[in-house]
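I opened my notebook to write down what I looked up, one entry at a time. The structure goes in here first, and my entries follow.

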Amino acid sequence: MALPVSFRRTLLVLLIVMIFLIFVVYWSQNGDNDDNKPINSQVFGHINSNGFDRRRQLSDILSNKYLVPPEKTWTYKCVNNRCVRRHFLNTSKHAMKKRVPFQTCSMLCGPPNIWPQPTIKTVLSSKALKFKSSDIKFSVNSAYKNVNNLLKNAFDIFLREVQDFETGGYGDGVSDGSSNGGNANAATSSKQRRSKENPDNNNNFVVASDKNDDNNRENEISDNFLPFLSMGSQKKYDVIAFNVNAKVTEHGDTYLTLHTDESYNLTLSYNDKTVDVKIVAKSFFGARHALASLQQLIWYDDEDDSLKVLSQAFIDDVPKFNYRGLMLDTSRHYFSVESIKRTLIGMAHSKLNRFHWHITDSQSFPFVSKYYPELAAHGAYSASEIYTGDDVKEIVEFARVRGIQVVPEIDAPAHAGNGWDWGMKQGLGQLALCVNQQPWTYYCGEPPCGQLNPKNNNTYIILQKLYQELIELTGPTDFFHLGGDEVNLECWAQHFNDTDLRTLWCDFMQKAFQRLKKANNEFPPAMTAVWSSGLTNMPCLSNKLFAVQVWGGSQWQENYQLIDSGYNLIISHVDAWYLDCGFGSWRPTGEPACSPYRTWQTVYKHRPWDTMRLNKEQMKQILGGEACLWTEQVDEMALDSRLWPRASALAERLWTDPENSNDPDTIPRDIFSRMSVFRNRLLHLGLKAEPIFPKYCAQNPEECI
């Protein structure tokens with residue numbers, strides 16, 4: 001008997017509902033297979049039977065400050081030496097294809113993504129290999145046991161960071177707008193171009209010699225990269241062994257000096273499912289820099305959920321300047337040991353090698369001296385905002401294994417107020433003058449005032465003990481910073497009106513130097529630094545023993561006067577390399593804070609030895625440079641974004657020192673691209689580096705540049 005039409009309709013509706021429920025259950029049980037899900041479920045976590053969990057997972061991803069969510073809706077293709085963004089919808093049309101994440105495209109397309117750019121020769125493959133961090137093994141060959149031990153520790157750090165990429169998910173590398181385009185000239189430079197691998201012999205490099213090779217990069221990525229991608233749930237790896245061998249040939253030093261050879265040679269080859277990395281350096285420091293460069297040849301592919309490495313590479317590299325510094329003031333605000341360590345991590349990956357620690361000033365004295373704890377008792381902001389000797393040692397060792405020397409500075413004779421105001425109670429007389437004196441504009445550059453007493457011998461005794469303690473904590477050094485800046489003669493004039501005050505400053509610095517010599521077992525450091533000032537223009541300090549850190553404007557006459565007087569210089573020009581400038585005035589009276597903001601482009605393009613037209617002999621007087629972060633308006637909540645990636649721009653200026661383009665306002669496109677990719681590496685290392693342009697510019701390289 002025929003069923004009524006209404007009953008048949010009801011059965012049909014029930015059948016459809018059952019099919020839908022079966023589909024939802026199946027979908028729920030296969031939640032890990034994102035490739036079978038619609039695009040809005042993959043990326044935006046729309047609610048289904050397990051939608052709450054998926055939204056929570058996405059929330060967890062987005063709440064992680066350092067993780068870039070995979071951008072499953074986009075794939076990238078290398079076209080004319082740049083990565084082009086295209087939609088990637090999981091339809092039947094794309095069923096047999098794999099998405100290429102931006103990070104993978106940027107590593108295989110265009111100029112080499114290494115920061116700072118190597119100086120001698122760079123040849124990189126355009127093929128990627130899939131591997132596991134557990135495949136990596138390390139060996140070191142050196143006649144120096146202390147070098148072997150320190151280099152093994154450096155490798156442990158390298159391996160942990162690679163493992164973090166693997167387990168934490170490195171993401172697309174486009175959170176700030178990473179781009180990787182660039183001009184063809186940079187990509188095909190005779191020293192800095194990628195290789196087009198010889199299919200008959202994986203051990204050879206063949207350098208591409210015409211632009212057609214770059215234009216074929218689109219095919220290289222699609223043809224060479226995709227076969228290495230995982231098929232199904234079973235991952236297939238191209239590497240079963242990843243061997244890293246480091247050889248240090250000449251120097252057993254594990255403490256940096258002004259003459260340390262930091263050069264290195266890195267060769268990466270692939271044969272018979274084995275990656276062999278050979279590092280040759282003359283010192284531990286060169287070998288450590290090689291590990292930093294090797295790490296930049298490794299990335300995480302979120303589509304394949306695997307680490308990748310270039311299949312071949314050759315890098316020959318040496319820095320242009322031996323002093324590549326970063327100064328942090330921990331007096332205006334206190335910075336925790338952990339935040340200082342983050343700064344050192346950024347420095348190590350940027351190949352900056354001197355952490356100038358301006359540890360005290362007139363505002364606070366946070367260093368707890370075992371000889372004179374009264375300094376911190378009277379000068380620290382609080383009992384928890386201090387640095388003990390153990391803290392200093394911890395920071396020094398953290399820095400040393402990363403190739404960085406810590407240069408502590410107890411500024412004197414100026415910038416020495418709070419912390420020194422206890423001498424009378426202890427029967428030592430006035431150790432400091434003008435402490436907290438008003439109106440401050442007469443007696444110091446900023447409140448509170450305070451300046452050491454140059455005619456109290458106890459002042460020098462205390463300084464000697466402080467120098468001795470710092471040298472004990474930081475280890476052997478051939479470089480020490482005495483401070484010496486912004487002496488206010490009006491302060492001293494109140495007490496010594498019968499004295500030549502300029503000569504008094506010279507006497508103070510020379511006596512402080514003699515105390516430093518005694519603190520260092522009667523051996524003076526090879527170079528002792530002082531800040532530039534109106535007083536350094538009168539050459540009363542020996543140019544054989546003293547270097548001057550020039551902080552004034554790049555056009556100031558003192559630059560030329562100091563060179564003519566034979567001084568070695570460390571450049572820290574306020575109009576280019578002061579990273580605290582441009583945030584407005586923090587006080588209602590006195591001089592306003594320096595302006596404008598120093599962009600990373602300003603930092604990068606500043607090449608003072610070029611504008612000063614120094615000859616070869618005069619160039620020998622330039623030890624290097626240093627970016628400075630004074631912290632009147634900075635605490636550790638803003639530390640990372642004030643430093644990075646602008647300090648990395650300084651790092652390439654001092655390591656590579658590329659010639660500026662003819663247009664003084666233009667930064668080449670490939671520099672934008674490399675800077676953006678490197679900035680994302682800093683993010684995944686835990687640094688809150690500021691973005692350099694909108695995310696749209698990342699997904700559409702070169703459209704914004």
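**Entry on Gln295.** I looked up the contacts of Gln295 (contact means heavy atoms within 4.5 Å) and, leaving aside neighbours within four places in sequence, I found Phe158, Glu161, Val162, Phe165, His349, Arg681 and Leu685. Gln295 lies in helix 9, residues 284–295, where helices are DSSP runs of H or I with at least four residues, strands are runs of E with at least two, and both are numbered from the N terminus. I noted that Gln295 is buried, with a relative accessible area of 4%; buried means under 20% relative accessible area, exposed over 50%, and partly exposed in between, with a 1.4 Å probe and protein chains only.

**Note on the source.** I am reading a predicted model, in which local features need pLDDT of at least 70 and side-chain atom pairs count only at pLDDT 80 or more, while totals for chains, interfaces and linings use all residues. Residues are numbered from 1 along each chain as its sequence is written, and side-chain values use heavy atoms, with hydrogens and water left out.

**Entry on Pro116.** I found Pro116 in the loop between helix 4 (102–108) and strand 3 (121–124), and Pro116 is buried, with a relative accessible area of 0%. Not counting residues up to four places away in sequence, Pro116 touches Ser350, Lys351, Ala651, Glu652, Trp655 and Thr656. I also checked Asp657, which is 541 residues from Pro116 in sequence, yet their C-alpha atoms are 9.6 Å apart in space.

**Entry on the nonpolar cores.** I used the term nonpolar core for a set of buried Ala, Val, Leu, Ile, Met, Phe, Trp, Tyr and Cys residues joined through side-chain atoms within 4.5 Å. Which residues have the most contacts inside the largest core? They are Trp420 and Trp644, in a core of 110 residues, and helix 16 (residues 501–519) gives the most to this core, with 10 residues. Leaving aside neighbours within four places in sequence, I listed the contacts of Trp420 as Phe365, Leu375, Leu431, Ala432, Leu452, Ile462, Leu463 and Leu466. I then found a second, separate core of 51 residues, which includes Ile157, Val277, Phe285 and Ala287.
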